[in-house]
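Please open the structure in your viewer and keep the selection tool at hand.

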Amino acid sequence: MKNSSIIWLGLGFAGLYLLRKKRTQKQPTDPGVRNLANKESLLSIKDFCATPELHLLLEEQKKELAEAYKQQNTSGVHGIGGGNITETQLTRKISKFIQEVGLRELTTEQEQIYNVFAGERNIAEIQISDMLGLFHLFKIYGDNPNKGAAHILIKHYNEPEDNVTTDEILNMCEIIKNTEPYEEDGKRVYETVKDGIRYRVVIALKNDTGVLVTFYTNRK
């Protein structure tokens with residue numbers, strides 16, 4: 001792994017640490033106070049970036065990543081579209097997702113989705129049922145490059161084609177709950193059209209559990 005990649009990863013982890021820490025703090029309910037708190041949060045992050053603490057944090061991350069690279073003897077995550085997706089690319093996508101979610105209030109379902117797409121959990125297990133009652137537990141895996149969160153972030157999140165946005169990811173459960181599926185290649189496809197955009201959520205069924213394969217649109 002090149003030094004530049006390690007530095008980018010370190011910056012990504014530093015940003016994730018700060019934003020995740022901020023999300024765990026109780027936020028003011030008054031909109032005016034909340035806006036002021038958000039501004040203070042941005043200032044505190046800006047100040048932190050100019051302190052020795054950030055330098056030390058980056059140095060620690062560089063050492064950890066270098067050691068991990070040495071053990072794995074690999075510089076990327078393989079298997080997405082037959083290519084080689086570097087860890088830096090995935091880290092940048094995760095960082096962007098966290099930044100766009102920011103400090104907004106999330107429902108229980110959205111919080112579970114957020115946790116796995118933000119890299120805080122390896123799996124999300126959400127209790128929902130589709131229109132046909134085909135499953136009552138919905139799982140999203142975060143550590144598999146061929147399906148789930150990692151696949152969607154790399155292939156379809158803020159990409160030129162088949163793009164899905166942060167809001168659409170957070171609300172994908174609504175498509176599953178309110179759309180009658182059809183079968184394709186042994187999987188269930190939940191497809192709906194809104195404002196001229198076609199959304200497709202693909203689910204693999206295992207007993208009474210649905211496992212997210214992918215989520216994309218027909219945007220070009």
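**First stop: an aromatic cluster**

Select Phe 97, Tyr 114, Phe 117 and Tyr 157, which form one aromatic cluster. The model is a predicted one, in which local features need pLDDT of at least 70 and side-chain atom pairs count only at pLDDT 80 or more, while totals for chains, interfaces and linings use all residues. Residues are numbered from 1 along each chain as its sequence is written, and side-chain values use heavy atoms, with hydrogens and water left out.

The structure holds five aromatic pairs (rings of Phe, Tyr and Trp, the last by its six-membered ring, with centres within 6.5 Å; planes under 30 degrees apart are stacked, over 60 edge-to-face, the rest tilted). Keep Phe 97 and Phe 117 selected: their ring centres are 5.7 Å apart and their planes stand at 35 degrees, so this pair is tilted. The pair links distant parts of the chain, with Phe 97 in helix α4 (residues 87-101) and Phe 117 in helix α5 (residues 108-117), 20 residues apart. Helices (H or I, at least four residues) and strands (E, at least two) are DSSP runs, numbered from the N terminus.

Are these two residues buried or exposed? Phe 97 is buried, at 0% relative accessibility, and Phe 117 is buried at 0% as well (buried means under 20% relative accessible area, exposed over 50%, partly exposed in between, with a 1.4 Å probe and protein chains only).

**Second stop: strand β7 and its partners**

Next, select strand β7 (residues 197-206), where seven of the 10 residues are buried. On one side of the pairing list is strand β6 (residues 187-194), antiparallel to β7 and joined to it by seven bridges; two strands pair if DSSP finds at least two bridges between them. Within this pairing, Val 193 has Arg 198 as its bridge partner. Two residues separate β6 and β7 in their hairpin, and Asp 195 in the turn has a positive phi of about 55 degrees.

Finally, select Thr 214 in strand β8. Thr 214 is buried, with a relative accessible area of 8%. Which side chain makes a polar contact with that of Thr 214? The side chain of His 151 does, at 3.3 Å (a polar contact is a pair of N or O atoms within 3.5 Å; within protein, one must be able to donate a hydrogen and the other to accept it, and residues adjacent in sequence count only if both atoms are side-chain atoms).
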